[in-house]
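Subject: Structure handover

Hi,

Here is the structure for you to look through. Please open it first, then read my notes below.

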Amino acid sequence: MIPYGRQDIDANDRQAVLDVLSSDFLTQGPVVPRFEAAVATQCGAAHAVAVNSATSALHVACMALGLGPGDHLWTVPNTFVASANVGIYCGAEVDFVDIDPDTYLMCPEALAAKLAAAETAGRLPKVVIPVHFAGQSCDMAAIGALARRYGFRVIEDASHAIGARHAGRPVGDCAHSDICVFSFHPVKIITTAEGGLATTNDPALAQAMELARSHGVTRDPALMDGPSDGGWYYQMVTLGYNYRMTEMQAALGLSQMSRLDEFVARRNALAARYDQVLDGMALVRPLQRPDNLSAYHLYPIRVADRGRVFAELRAAGIGVNVHYIPVHTQPFWRARGFAPGNFPNAESYYAQAISIPLYSGLTEADQDQVVAALRAAL
Ligand SMILES: *Cc1c(COP(=O)(O)O)cnc(C)c1O
């Protein structure tokens with residue numbers, strides 16, 4: 001089976017993990033800060049906070065922004081369930097903004113219209129989470145302008161998009177957002193097995209996320225209520241969780257970061273080859289906005305008769321997948337009042353969507369096999 005995505009681990013990656021296993025620290029050592037510095041540098045962001053998953057990163061980001069009961073969080077239905085769940089973790093109400101039918105990204109016009117209505121109703125969101133679906137950035141200038149006008153905060157869900165660029169700048173620089181979150185699950189662009197990270201340019205947000213990832217506990221006298229009792233002393237100054245990344249994970253991530261440009265270039269080359277060989281076939285290829293360099297986490301196509309094409313590809317040994325079942329149609333969200341028909345663009349995209357294999361280790365021969373199976377199914 002050719003999978004739809006796969007990690008790419010080399011000898012240096014393996015050695016980096018082994019080196020940590022022979023060192024003094026398996027957690028809370030020197031490698032996590034080095035990994036954070038590498039990602040901050042790559043992104044051109046002032047701060048990076050590593051955690052044990054992108055879901056945790058989204059959660060600590062929402063906590064740092066003060067999301068709580070009575071607040072509203074908006075994201076898109078065309079995402080993994082985690083982008084919406086974090087609103088519930090914080091006790092907030094969650095709603096969705098439909099996607100653009102061509103890019104499958106949060107539609108800035110739909111967001112503007114929903115904001116105007118929410119202002120009238122007195123239900124403006126506190127946090128909006130646009131998702132850089134498949135690896136390309138949303139229109140962040142438009143979303144950032146709406147954030148300034150309506151006073152909400154922006155968390156970019158860039159789980160698919162480390163190494164991507166937008167308007168000539170790296171995704172993660174938070175030029176139009178408060179916080180940007182990455183995932184390092186093995187199917188994503190680089191991996192730490194499980195892992196995530198949040199970038200920000202705001203030192204107060206970075207500090208709040210660091211507290212939230214480690215029990216709300218600090219050893220920094222500057223953050224304490226009153227004087228320190230001595231060298232052993234720590235204080236719990238807020239409620240936090242244990243969302244820490246291990247040293248093994250960070251070592252793998254740091255080693256993988258040295259290959260990020262290579263991974264993104266390889267994914268773009270394979271995507272360009274798909275663009276070429278799929279041209280003229282009865283399918284819709286993914287559209288890349290002209291001011292974007294996608295990290296190409298996914299290569300989503302649209303076909304009529306998706307169910308049959310999907311089954312035939314799987315039967316032919318092609319590990320296709322579907323991204324995403326619209327979140328608001330999940331039973332959990334239906335029980336909260338959402339229903340099919342609420343977000344028609346996400347739903348009609350989903351009805352035709354298939355993600356075909358794309359990862360840095362995919363060979364051209366593998367790719368030809370995918371295309372042949374697709375041609376036969378169509
Ligand atoms: C993978 C993913 C997540 C969750 O990432 P984890 O690291 O597995 O927690 C969140 N949002 C999107 C869009 C994702 O693709």
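A disulfide is a covalent bond between the sulfur atoms of two cysteines. The rule used here asks for a pair of cysteine sulfur atoms within 2.5 Å. Keep in mind that this is a predicted model.

First, the cysteines. By that rule, the count is zero disulfides.

Cys107 is buried, because its relative accessible area is 11% and the cut-off for buried is under 20%.

Now take Cys180. Its closest cysteine sulfur belongs to Cys174, at 5.4 Å.

Next, the ligand. Where does the ligand sit? It takes up the space of the second largest pocket.

Which residues come nearest to the ligand? There are 14 residues around it, and the nearest are Thr55, Asp157, His160, Ser183 and Lys188. This shell holds four nonpolar, eight polar and two charged residues.

- Ala54: a polar backbone atom is 2.8 Å from an oxygen atom of the ligand.
- Lys188: an N or O atom in the side chain is 3.0 Å from an oxygen atom of the ligand.
- Ser159: a polar side-chain atom lies 3.4 Å from a nitrogen atom of the ligand.

How much of the ligand does the protein cover? On its own, the ligand has 380 Å² of accessible area, and the protein covers 92% of that.

Best wishes

How values were computed:
Residues are numbered from 1 along each chain as its sequence is written. This is a predicted model: local features need pLDDT of at least 70, side-chain atom pairs count only at pLDDT 80 or more; totals for chains, interfaces and linings use all residues. Side-chain values use heavy atoms; hydrogens and water are left out. Buried means under 20% relative accessible area, exposed over 50%, partly exposed in between (1.4 Å probe, protein chains only). A residue is near a molecule or strand if one of its heavy atoms lies within 4 Å of it. A polar contact is a pair of N or O atoms within 3.5 Å; within protein, one must be able to donate a hydrogen and the other to accept it, and residues adjacent in sequence count only if both atoms are side-chain atoms. Accessible areas come from the Shrake-Rupley method with a 1.4 Å probe; for residues, only the protein chains shown count as cover. On a 1 Å grid over the protein atoms alone, a cavity is a set of points where a 1.4 Å probe fits but cannot get out, and a pocket is an open set with protein on both sides within 12 Å along at least five of seven lines; lining residues have an atom within 4 Å of a point. A molecule sits in a cavity or pocket if more than half of its atoms lie within 2 Å of its grid points. Ala, Val, Leu, Ile, Met, Phe, Trp, Tyr, Cys and Pro count as nonpolar, Asp, Glu, Lys and Arg as charged, and the others, Gly among them, as polar.
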